[in-house]
Amino acid sequence: MNLNIGLVHARPEMRALLRETLAPIATYELLWEVGSSSEALERNALQPARLVLLELVPGEDTVGTTRALAGGGSAVLLLRRGGNDTHAATVFDALGNGAVDVVELPITPAPALVAPLLLKLKHLADLLAQQRTPPGSAGAQPTLVAIGASAGGPAAIAQILGGLPLSFPAAILIVQHIDAQFASGMSDWLGQDSTVPVRLALEGGLPEPGVALLANGHEHLLLSARQHLCYSTEPSELTHRPSIDVLFESIARRWRGRAIGVLLTGMGEDGARGLRVLRDRGHHTIAQDAASSAIYGMPRAAARLKAATEILPVTAIAGRLDILTRAGDGQCPR
């Protein structure tokens, strides 16, 4: 099946390069190309594209355009001019409003320099071909448990995963502040005593009921508008990568089912703001208590923000998660 593509880029020479790049690939069909976001919305209403390549243009509402395109059923791949970091916040906002990924293009049109775009397109084409549920329609969604931790976190996470029942029905996503080189080893270590399988979260994957997925420790883990897992370097200015706030906030925006946020021991404040966003959206939230925290930094920040529905010792969290998921009381988003 062909992938229908719309192209939005202000520079005619770049549109020409991309047109020539896509032309030889039989499975890609360029439906239309325009120079502005407003034109893109008009053309896409007449000829809906499965994928829209959308340039970040100064002065244009890229986030609003992304939201409108994604809401209409189109996947959006952001095009950012290489070496330009001035729009990092816009990139992240767009990713939170429906964009599936971002790719850098060369400053000067050069065929050899668009290879990263072709790799992204191949990956997205495979994902979109597998997508069976139309955007905006929700099938049965499992409860999603999102866990964030930092210093002292591995032991706390291990205790929670080891305390879950064998038939635990919820999907689990975990962000632990850890260097990427140790993420795979931590996944294996957690799996030794966990009652649920523990794996690294893969780009393009989906949260799985009864499976714990751990962020790879290299980039921010977040949910796309279509419920897929994706990694992003943005926002690049955050101290921690992966960031707990980034995951929690993307779940609050994108997860169509129930969610439970859990913030564990750690230094600093990462995760507190995201936990509050989850609570404000009507989801149940838990923060570890001071007595059982190795470092009562992140949970304290959550308590200060009134982000936690309840504050529990780590020994009680697994049992509480079991009760919440089985009772269907993960709460529904407002």
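This is a predicted model: local features need pLDDT of at least 70, side-chain atom pairs count only at pLDDT 80 or more; totals for chains, interfaces and linings use all residues.
1. Buried means under 20% relative accessible area, exposed means over 50%, and partly exposed lies in between, with a 1.4 Å probe and protein chains only. At 48% relative accessibility, Ala129 therefore counts as partly exposed. Ala129 sits in helix 5 (residues 115-130).

2. Residues are numbered from 1 along each chain as its sequence is written, and side-chain values use heavy atoms, with hydrogens and water left out. Helices (H or I, at least four residues) and strands (E, at least two) are DSSP runs, numbered from the N terminus.

3. Strand 3 (residues 51-55) has five of its five residues buried, so it is largely enclosed by the rest of the structure. In a regular strand the side chains alternate between the two faces of the sheet. In strand 3, Leu51, Leu53 and Glu55 are buried on one side, and Val52 and Leu54 on the other.

4. Strand 3 has pairing partners (two strands pair if DSSP finds at least two bridges between them). Strand 1 (residues 3-8) pairs with strand 3 in the parallel sense over four bridges, and Gly6 has Val52 as its bridge partner in strand 3. Strand 4 (residues 75-81) also runs parallel to strand 3, joined by five bridges; here Leu51 is partnered by Ala75.

5. An open sheet is formed by seven strands in the order 8-9-7-6-12-13-14, with parallel pairing. Its edge strands, strand 8 (198-200) and strand 14 (310-312), each pair on one side only. From one strand to the next, the twist averages 25°. Within this order, strand 12 (residues 259-263) and strand 13 (residues 284-288) run parallel and are joined by four bridges. Val262 has Ile286 as its bridge partner in strand 13.

6. Helix 9 (residues 272-280) packs on the sheet and touches strand 12 and strand 13 (contact means heavy atoms within 4.5 Å). Its direction makes about 155° with that of strand 12. Axes are lines fitted to C-alpha atoms, for helices over the stretch in contact, and angles run from 0 to 180 degrees between N-to-C directions. Helix 8 (residues 244-254) lies across strand 6 (144-149), strand 7 (171-176) and strand 12, at about 160° to strand 6.

7. How do helix 8 and helix 9 cross? Their axes come within 7 Å and cross at roughly 15°. The contact residues include Phe248 and Ile251 in helix 8 and Leu275 and Leu278 in helix 9.

8. Helix 6 (residues 153-163) and helix 7 (residues 180-193) pack at about 40°, with their axes 8 Å apart. That makes helix 6 oblique to helix 7. Residues in this contact include Ile157 and Leu161 in helix 6, and Met186 and Trp189 in helix 7.

9. In helix 11 (residues 314-326), the buried residues are Val314, Ile317, Ala318, Leu321, Asp322, Leu324 and Thr325. Among the elements that cover them are strand 6, helix 6 and strand 14.

How values were computed. Angles under 35 degrees count as roughly parallel, over 145 as roughly antiparallel, 65 to 115 as roughly perpendicular and the rest as oblique.
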